[in-house]
Amino acid sequence: MRRQCRWQWLTLGLGWLLLGVGLVPTAAAEGPRAVASVRAGADESSGPWRSGVRTFRGRAFDACRAPSLDTMRRWQHSKYRAVGVYYGGRARACPHQRNLDRAWVRSVTRMGWRILPVYVGSQAPCVTAHHKKDVRIGRHPWSQGVREARDAVGRAKALGIRSSSPLYLDMEAYNDRKKGCARTTLSFVRAWDREASRQGYVPGFYSSAGSGVRHMEAARRAGVPDLPAVMWFARWHTRPHLYREPVLKARAWHPQRRIHQYAGNVKERHGGRTLVIDRNVVDAPVARIG
């Protein structure tokens, strides 16, 4: 009985500690309960994806702007079979995407390309990149996350990206050790995830392994709900790997729930066309086009 009582006090103390560092937001911050909740990061008990989710295992590249159809045709001779597309969000670095429309999405899909839709929304209050500081999350992270998730879904539908597709929220590197910033960012991400899931999409998350991904893993271990269903982690200057990332437990976000971005801002030339790209290895959901 004394041991049980001591354990209860330890559990209560841990709950208050996690609340302080931003892993467990207050009830007021969580907003109304979602119709369909997001699984808290996949763990050892995860089963296969629900019917309708399409996955891909192989190499992918992403570029700031969607390449022309001719370039995509020529790059069919490369090792890549999937492409990351920055299709929306107020923090997107290349907002003018002259090639990216519904016809482009349909055409590259017919060529055999798989698409990874990336949404670059508001950034953490403690984002490290100076050029992202004017697009930080505001005072009401939960409601802002909901609004931006609705925008992400609407823009995806406009491109012909159907439900059961992943939508990857891009959160650039931030100082997750700052408690207030971590709390705000986690609230925004959870709201975004919950709303995207409620509308029938698979919420993914892209960030640096040493900040955003580490933060999400700490939240997963704490049992926080409404976390991303897929983890896209950036760790450059290393060999491509999916299930040996140091900050993630081996069975977290496993299987078919990981992307590793292992190199960035590199030039590659295929079929006579050169692009500046990031390189990725993928075992994760890709868009359903219709």
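Helices (H or I, at least four residues) and strands (E, at least two) are taken here as DSSP runs, numbered from the N terminus. The model is a predicted one, in which local features need pLDDT of at least 70 and side-chain atom pairs count only at pLDDT 80 or more, while totals for chains, interfaces and linings use all residues. Residues are numbered from 1 along each chain as its sequence is written, and side-chain values use heavy atoms, with hydrogens and water left out.

**Loop between E6 and E7**

Histidine 237 lies in the loop between E6 and E7, and tryptophan 253 is placed in the loop between E6 and E7 as well. Proline 255 is also found there, strand E6 being 230–234 and strand E7 being 258–270. The peptide bond that leads from histidine 254 into proline 255 is cis, with omega near -5 degrees.

| Residue | Phi |
|---|---|
| Histidine 237 | near 60 degrees |
| Tryptophan 253 | near 50 degrees |

Phi is positive at histidine 237, a residue other than glycine, and the value is likewise positive at tryptophan 253. For accessibility, buried means under 20% relative accessible area, exposed over 50%, and partly exposed in between (1.4 Å probe, protein chains only). Histidine 237 has 78% relative accessibility and therefore counts as exposed. Tryptophan 253, at 0% relative accessibility, counts as buried.

**Nonpolar cores**

A nonpolar core is a set of buried Ala, Val, Leu, Ile, Met, Phe, Trp, Tyr and Cys residues joined through side-chain atoms within 4.5 Å. The largest such core has 54 residues, and those with the most contacts inside it are Phe61, Tyr87, Trp104, Ile115, Met171, Trp192 and Met216. Helix H6 (residues 179–198) gives the largest share of this core, six residues. Another core, of 22 residues, lies apart from it and has Phe56, Val120, Val202 and Ala234 among its members.

Contact means heavy atoms within 4.5 Å. Leaving aside residues up to four places away in sequence, methionine 171 touches residues including Ile137, Thr185, Phe188, Val189, Phe205 and Tyr206.

**Packing of H6 and H7**

Axes are lines fitted to C-alpha atoms, for helices over the stretch in contact, and angles run from 0 to 180 degrees between N-to-C directions. The axes of H6 and helix H7 (residues 209–221) come within 11 Å and cross at roughly 80 degrees. H6 and H7 are therefore roughly perpendicular to each other, a term for angles of 65 to 115 degrees. On the H6 side the contact is made by Ala182, Leu186 and Val189, and on the H7 side by His215, Met216 and Ala219.

Conventions
Angles under 35 degrees count as roughly parallel, over 145 as roughly antiparallel, 65 to 115 as roughly perpendicular and the rest as oblique.
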